[in-house]
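Work through the following exercises with the sequence and the coordinates at hand. Each task is followed by its solution.

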Amino acid sequence: MDLMKWTNPAPRDLWEAFDGLRGDMDRALDFFHGPEAAGIFDQTTAPAIDVIETADEYIVVADLPGVDKRDLNVTVTGSILAIQGDKREEHKTEKRKVFRKETWVGSFKRTIDLPEQIDSSKISAELKDGVLAIRIGKREEAKTKLINVQAN
Amino acid sequence: MDQNKELTERRTIVPYCSIVEDEGLVTVKIEMPGVSKDALEVKVEGNELAVFGERRAENPVGTYLVRERRAASFRKTFTIDDTIARDKIDASLVDGILTLKLHVTEAAKPRRIEIG
């Protein structure tokens with residue numbers, strides 16, 4: 001372990017202190033607002049997913065409430081699965097009063113690196129009740145096979 | 001009371017929601033991905049508007065490689081006062097978002113008084 005020189009964390013001026021505080025608050029609020037940022041330089045958000053492996057396929061499930069099928073784009077390039085789209089919300093008059101806003105609106109993107117043994121010709125996707133389920137088949141040789149044990 | 005006890009016994013999380021008022025119409029949107037229409041319960045009891053959405057386990061047998069989604073049902077309660085018309089609450093569930101439309105009673109709306 002390296003010995004580090006102790007430096008006084010006290011900021012040089014008051015504004016710097018507030019800047020630091022604001023950063024802390026932003027991070028805390030981001031944490032409570034569901035989807036995480038997809039990357040440091042990526043301003044879009046990423047939906048929460050589950051990836052399940054069964055004997056002959058992979059199932060990717062993503063929560064996408066309020067996303068229309070037309071605004072959703074699922075692509076597979078090699079073994080990279082990308083889910084991207086826009087979550088929209090209609091705005092009516094200017095007179096509206098917002099009491100609470102926990103939901104988010106905007107574009108999102110999530111990429112998943114799937115194992116090599118996927119069969120990209122066997123992919124199906126279904127969007128139901130705001131949940132996207134993508135089923136990706138495995139290649140024949142990657143499927144789990146049951147071997148009968150012969151008793152002599 | 002029994003109903004409340006039954007609801008709290010199930011594992012629930014509070015869904016994200018937004019509440020917007022626009023000219024006497026209060027629109028409440030609640031995000032409930034994975035809840036179908038028949039697994040949804042919207043109730044008004046006294047001053048309480050309760051929403052319960054059951055998320056049924058849809059997953060087949062397998063191993064989870066990634067698990068980020070919250071596997072629980074949704075429950076949210078709101079307190080509503082007398083300015084909300086109880087008999088005119090509309091609910092619709094589209095793409096995992098429950099939209100409740102609450103109407104402000106005529107008596108509670110701001111009135112413009114003409115000066116004669």
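**Exercise 1.** Decide whether A:Phe108 is buried or exposed in this predicted model.

Solution. Start with the neighbour count: A:Phe108 has 20 C-beta neighbours inside 10 Å. The cut-off for a buried residue is 20 or more. A:Phe108 therefore counts as buried. Finally, look across the sequence: A:Ala46 is 62 residues away from A:Phe108, yet their C-alpha atoms are 5.2 Å apart.

**Exercise 2.** Describe the secondary structure and the contacts of chain A.

Solution. Count the elements: chain A has one helix and ten strands. Then take their order, which is α-β-β-β-β-β-β-β-β-β-β along the sequence. For burial, 18% of the 152 residues in chain A are buried. For contacts, consider pairs at least 6 apart in sequence; 53% of these in chain A join residues at least 24 apart.

**Exercise 3.** Characterise the side of chain B that touches chain A, and find a strand pairing between the chains.

Solution. First, count the residues: 29 of chain B are in contact with 30 of chain A. Second, assign them to strands: β2 (17-22), β3 (25-31) and β6 (63-67) of chain B each supply at least two residues to this side. β2(B) gives the most, with six residues. Third, sort this side of chain B by residue type: 13 nonpolar, seven polar and nine charged. In β6(B), B:Val66 stands opposite A:Val51.

Technical notes: Residues are numbered from 1 along each chain as its sequence is written. Chains are lettered from A and ligands numbered from 1 in the order in which they are written. This is a predicted model: local features need pLDDT of at least 70, side-chain atom pairs count only at pLDDT 80 or more; totals for chains, interfaces and linings use all residues. Helices (H or I, at least four residues) and strands (E, at least two) are DSSP runs, numbered from the N terminus. A residue is buried if 20 or more other C-beta atoms lie within 10 Å of its own, exposed if 12 or fewer, and partly exposed in between; C-beta atoms are placed from the backbone. Two residues are in contact if their C-beta atoms, placed from the backbone, lie within 7 Å. Ala, Val, Leu, Ile, Met, Phe, Trp, Tyr, Cys and Pro count as nonpolar, Asp, Glu, Lys and Arg as charged, and the others, Gly among them, as polar. Two strands pair if DSSP finds at least two bridges between them.
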